[in-house]
Amino acid sequence: MSLEKSLLSELKIEREKTPSFFERIGKLELKEVLTPKTPWAYFTMEIYGSGIRGGGGLGILAADTLEIKKKEGIPSIFITPFYTQERAQGFKGFEQQIKFAKVRPEKRGFKPADSSVIVREIVNGKPDSTELKVYQKQEGCVTLLAITEENFGVLYQGENNSDHRLYQEIALGFGGWQVMKKMGVEPSVRQLNEAATVFSALACLDEKARETEDFEQALRAVKDGTIYTNHTLVQ
């Protein structure tokens, strides 16, 4: 046996000896709960890597979480926007300049999903709707879904309370929830990476309230399956 094959054989034996993630946390029953059809769903407004450029610690945490899910073999879906423009820092003379470059998901390794989704909003007091395109990428046990459209804009465009930022958040939350339903996915756990992703929980609440016709029962069901991660306290 070659040295390379011997090392690979030893590595395989060591992996088999290593307790799984669920064994280490004493939750073996979760092996049956978390499956490709009932995964851990993670909503985030930004992420680093996988062909997407984040903007800070929030995106780094999302990327680290994705890597852990892959390493531990936890069936997961990560839902994030794909921003059609990215900031690029440069210098002219001794002055810093910020430029914007157009980007496309196909150029970053994403493939178009089977269907698009529609979000409805009120514009100038009148009902309107926007068609959102969905792209996906598979990384081991993790499915990465990117929500976008031509005018989606840049990460953190405008103020926290700007209409465009609100639109991006609604597109991620309600659009992402629609995508999972079209895929036949019913997440066992929904993790919200900071307050901007709250619309995914509202989309879930809207669906469960229609199913049960009991708001309090629907609210309890959403609370029981939702994890909220807070970073910076902003009004």
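Reply: Let us begin with one residue and its contacts, where contact means heavy atoms within 4.5 Å. Leaving aside residues up to four places away in sequence, F43 touches I79, L172, G173, G176, W177, M180, Q191, L192, N193, T197 and S200. This is a predicted model, in which local features need pLDDT of at least 70 and side-chain atom pairs count only at pLDDT 80 or more, while totals for chains, interfaces and linings use all residues. Residues are numbered from 1 along each chain as its sequence is written, and side-chain values use heavy atoms, with hydrogens and water left out.

Me: Which residues touch the most other members of the largest nonpolar core?

Reply: A nonpolar core is a set of buried Ala, Val, Leu, Ile, Met, Phe, Trp, Tyr and Cys residues joined through side-chain atoms within 4.5 Å. Buried means under 20% relative accessible area, exposed over 50%, and partly exposed in between (1.4 Å probe, protein chains only). The largest core here has 28 residues, and F43, I79, L132 and M180 touch the most other members. Helix 5 (163-182) is among the elements that each supply at least two residues; its share, six residues, is the largest. Helices (H or I, at least four residues) and strands (E, at least two) are DSSP runs, numbered from the N terminus.

Me: How is the aromatic pair of F82 and F110 arranged?

Reply: Rings of Phe, Tyr and Trp (its six-membered ring) pair if their centres lie within 6.5 Å; planes under 30 degrees apart count as stacked, over 60 as edge-to-face and the rest as tilted. F82 and F110 are edge-to-face, at 5.9 Å centre to centre with 70° between the planes. F82 lies in the loop between strand 2 and strand 3 (85-92), and F110 in the loop between strand 4 (95-102) and strand 5 (111-112), so the pair ties together parts 28 residues apart in sequence. Both F82 and F110 are buried.

Me: Which side chains does K70 meet in salt bridges?

Reply: A salt bridge is a side-chain nitrogen of Lys or Arg within 4 Å of a carboxyl oxygen of Asp or Glu. K70 meets E67 (3.3 Å, N to O); being three residues apart in helix 4, K70 and E67 are separated by about one helical turn. K70 also meets E139 (3.2 Å, N to O). E139 is buried, at 16% relative accessible area, whereas K70 is partly exposed at 28%.
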